[in-house]
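Dear colleague,

I am passing on the structure we discussed, and below it you will find notes on what came out of the analysis. Please read them with the model open beside you.

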Amino acid sequence: MNLKLPWHSKSAEPYTLRDLPRRVLLSEYFVLYLTIVYVILLLPFIPWLLNPMNIKNILSNAWPLLALAMGQTFVLIVIGVPDLSQTSIMALTSVVGAVVMSNYFDPVLFSKSPLWGSLIAENGGIFAGTSLATLGGVVVMLSVGLLIGLFNGISVALFKMPPFMVTLVGWNLWAAIATFLPKSENIRHLPEGFVAIGSGNIGPISIAMLVALLLAVSGHFVLSKTLFGKRVYATGLNPKAAKVCGIPTKRIIIAVYMVSGLCAAVGSILYSARLEMGRPTMGSTLLLDIIGANIIAGISLYGGKGKVSWTFFGVFFFIILANSLNHLNLPFYMIDIVKGSIICLAAVLDVVRTRASERRVYT
Amino acid sequence: MGDKILEFVDITRSFFGVKALEKINLQLKEGEIFGLIGENGAGKSTLMNILGGILPQDEGCMLLDTQEYKPGGPSDASAAGIEFIHQELNLFMNLTVAENIYIHNFPTMQGTPIIRKREIIKRAKDLLESLGMEIQPTALLETLAPGERQMVEIAKALSMDARIYIFDEPTTSLTAKETTGLFNILKRLRNEGKTIIYISHILGDVEDLADSVAVLRDGKVMGSGPIQDFSIDKMISLMVGGSFKQIFPEKKSIPQKEKLLEIQELSQSGTVKDINFSLHKGEILGVFGLMGAGRTEMARMVFGVDPYSDGEVYIEGEKLPKSNPMASIEKGLAFVTEDRREEGLLMDVPIVDNLGMVALPDFCRNYTKIVNGKQLNEEAEHVSERLHLKATNLDVMPAKSLSGGNQQKVVIGKWLLKTPRVLIMDEPTRGIDVGAKYEVFNIINDLADKGAGILMISSEVEELIGVCDRIVVMSRGEIMDVFEKEKFTQEAIMRSAFRQGMIATATEGDEDEIK
């Protein structure tokens, strides 16, 4: 077994059995081991857990969350404060995407919408019916996500506004606009091509999985191998030193918020396609899941520490946890109590792991 | 002058194996002003922190009225009648003057937690008036000038009615008039039988005010006794010492004619004023000054980390844009910051990533901007060898695992990967051992031999004399003098930094009273 330590690509020390607990605790794959142990422990009680149908269910829930959580990871590494606007970006992009590509708007439901007669009509949105409806919708959704990210980034980096406030206001504002535009109605009749993103397969692989994995793999690559990635860590670890070294810290901050906005838009695309609608309340209960997955993954809330691969494990642990709690037939408030406690424990564990790693002696 | 009130017996204190104080023995009498002087880092603050209960001593003891005095914290010191007026203000900008003065002990309505506002305003007014300060007790602190804030801090300490007051550089932010007022207060306190420990870099003030004086150097008492036995010249020579303890590597090359860096009329209100100098090719230019002289601020403006209101910086005749570190680096500027931990290193990541912080774009593939880790590692190994960095596995060990000296080499190393033409170094030898210092000087010499210009800021005169070709002396944001190599003497440089000749005007007001 080749265990790795958090910051290290290789270990200089010889490996002994006595070190095992510490090594596991400090391992990059700690959350993965935790997930495996959790599944093995629960299997006798919930045999359904590993049923193919359930695995499919787990996966389909995991892919959109992975996209969202990865964007959050970028922000957490640089800022240390979560981007709270992500779920509202989802809602707004979902609505805006549906507005431009839906094939039919019921006059009874939508005639009171502020967009009625300009952008939407009975015969659909501006891209409705064209061969580019799906592509147009996706591009518009991604652009909205990027624009809101740009707005957040500029507010934080250039106007020096507190990141917590900027994104908390965004959390409220974008969701309100998402509700206002369609007057709280879900927008159905999305083009078939778009719906296929949610349900289609390429061979044995679902399109959602492909999209989320592609995003995660490129995110991992960008963070670990590129100039931008190295600068993201430097800015997160020590912004003062980064500035002295000529790193454009303001641009880095704007960029990570844009990544977060883009990832929120991708998550929104996956959810909207699966639900076959543009939904003004989309994501309203997801914020804790996104941040919780990151905390469980060990992404530091002090900034500077984290990897997309960790986020990947964190997302799966979180989804399996939620799934197993559902199977235990617990009422929803019990599920929330357990979820909350686990996130809290994970935050404590992060402190323990950090301390343990600091006790390490370098020779 | 009364009986002995306080005695330090064999006080010793080390930080990380370095002795900051070694067997300090001093005696203070009741009702005297006791001047405590010494260079930056001589141990004055450490000694006062021990007295104020902020730090414990390693060895030795303090006797207060012949009883052993062992403070467990600042509150114990207060209870024993010792008040510390710090150089950095411990005030609340969002509260009024009166509230700041009584923050430790608000009078409240009986049996309730409600503060008797009128009472504290009245008390503060009386106190300020008795001290001759024209400050409104209801004014918010943030609306006051720096000197007035300092006076509030002093008033706050005096409201505690202590027996021993420690004043640490109280005049740095005061105007001449406020200084005169403060001196009158100090003399009045002495007449009331209070003991005052007065720490200052302005030796003329010490000479005028103090009854006794102690000179510290390198954590030892170099001399103490009645002020009559200490002329200013004697104080300076005791502070700087006569001999060179350190060895410096020989610089082989001499500065060339071409100007690399030229600074014209650089000003920023409150920090620096009309700074003019130039740095030549192959030259090591030292910048000396006492704490608060504006050296670091000046360096940060030149490099482009901080803004400045007036003036220009030229690199080889080209004007350097303001506040743009990226452009400065492109033009060949490098900046080794004063504080390694705060502004130099990424403590938790491997050394190689720290070394790559500046030059990383040079190790990326075109267009894709993928980092060529192998090339970076090789180059980092070269630099590490050149610096004699004591580290194995550059790509594994985090910066925090290194000793102070080796950390400093990493900070320097990250600029060497970029081959700088002008290297600005702010206290490059702070907190590193003698061996590492020697190696740092070697690196600096080597760079100068290759034609780079080095601007070296230091608080240690000896080291500047040992290493530099020229020394600029700054004080209160201005350049006082520029010394050529043949005119280097510790006394002359110290005199310049202490603004000898300026002191008479600052204290003119009380000449008569003293004599």
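A salt bridge, as the term is used here, is a side-chain nitrogen of Lys or Arg within 4 Å of a carboxyl oxygen of Asp or Glu. This is a predicted model, in which local features need pLDDT of at least 70 and side-chain atom pairs count only at pLDDT 80 or more, whereas totals for chains, interfaces and linings use all residues. Residues are numbered from 1 along each chain as its sequence is written, chains are lettered from A and ligands numbered from 1 in the order in which they are written, and side-chain values use heavy atoms, with hydrogens and water left out.

Salt bridges

Over all chains the structure holds 33 salt bridges. One of them joins Glu262(B) to Lys259(B), at 3.5 Å from N to O. Both ends are partly exposed (the term for relative accessible areas between buried, under 20%, and exposed, over 50%, with a 1.4 Å probe and protein chains only): Glu262(B) has a relative accessible area of 24%, and Lys259(B) one of 41%.

In another pair, Glu478(B) meets Lys273(B) with the closest N and O atoms 3.7 Å apart. This pair links distant parts of the chain, since Glu478(B) belongs to strand E20 (residues 478-484) and Lys273(B) to strand E12 (residues 272-280) of chain B, 205 residues apart; helices (H or I, at least four residues) and strands (E, at least two) are DSSP runs numbered from the N terminus. Glu478(B) is partly exposed at 25% relative accessibility, as is Lys273(B) at 48%.

Lys418(B) and Asp362(B) also form a salt bridge, their closest N and O atoms being 3.3 Å apart. Lys418(B) lies in the loop between H14 and strand E17 (422-426) of chain B, and Asp362(B) in the loop between helix H12 (351-355) and helix H13 (373-386) of chain B, so the pair ties together parts that are 56 residues apart in sequence. Lys418(B) is partly exposed at 21%, and Asp362(B) is partly exposed at 44%. Elsewhere in chain B, salt bridges link Arg116(B), Glu119(B) and Arg123(B) in a network.

Neighbours within four places in sequence aside, Asp168(B) is in contact (heavy atoms within 4.5 Å) with Ser45(B), Phe84(B), Ile85(B), His86(B), Gln87(B) and Ile199(B).

The interface of chains A and B

Here 35 residues of chain B are in contact with 27 residues of chain A. The buried area (the accessible area, with a 1.4 Å probe, that two parts lose on being put together, summed over both) is about 2600 Å², and carbon and sulfur atoms give 67% of it. On the side of chain B, Met326(B), Met357(B) and Val396(B) lose the most area to chain A, together 20% of what that side buries.

The rule finds two salt bridges across this interface. Lys230(A) forms a salt bridge with Asp353(B), with 3.6 Å between the closest N and O atoms. The elements giving two or more residues to the side of chain B that touches chain A are helix H10 (325-330), helix H11 (340-344) and helix H14 (404-416) of chain B, and H11(B) gives the most, with four residues.

With best regards
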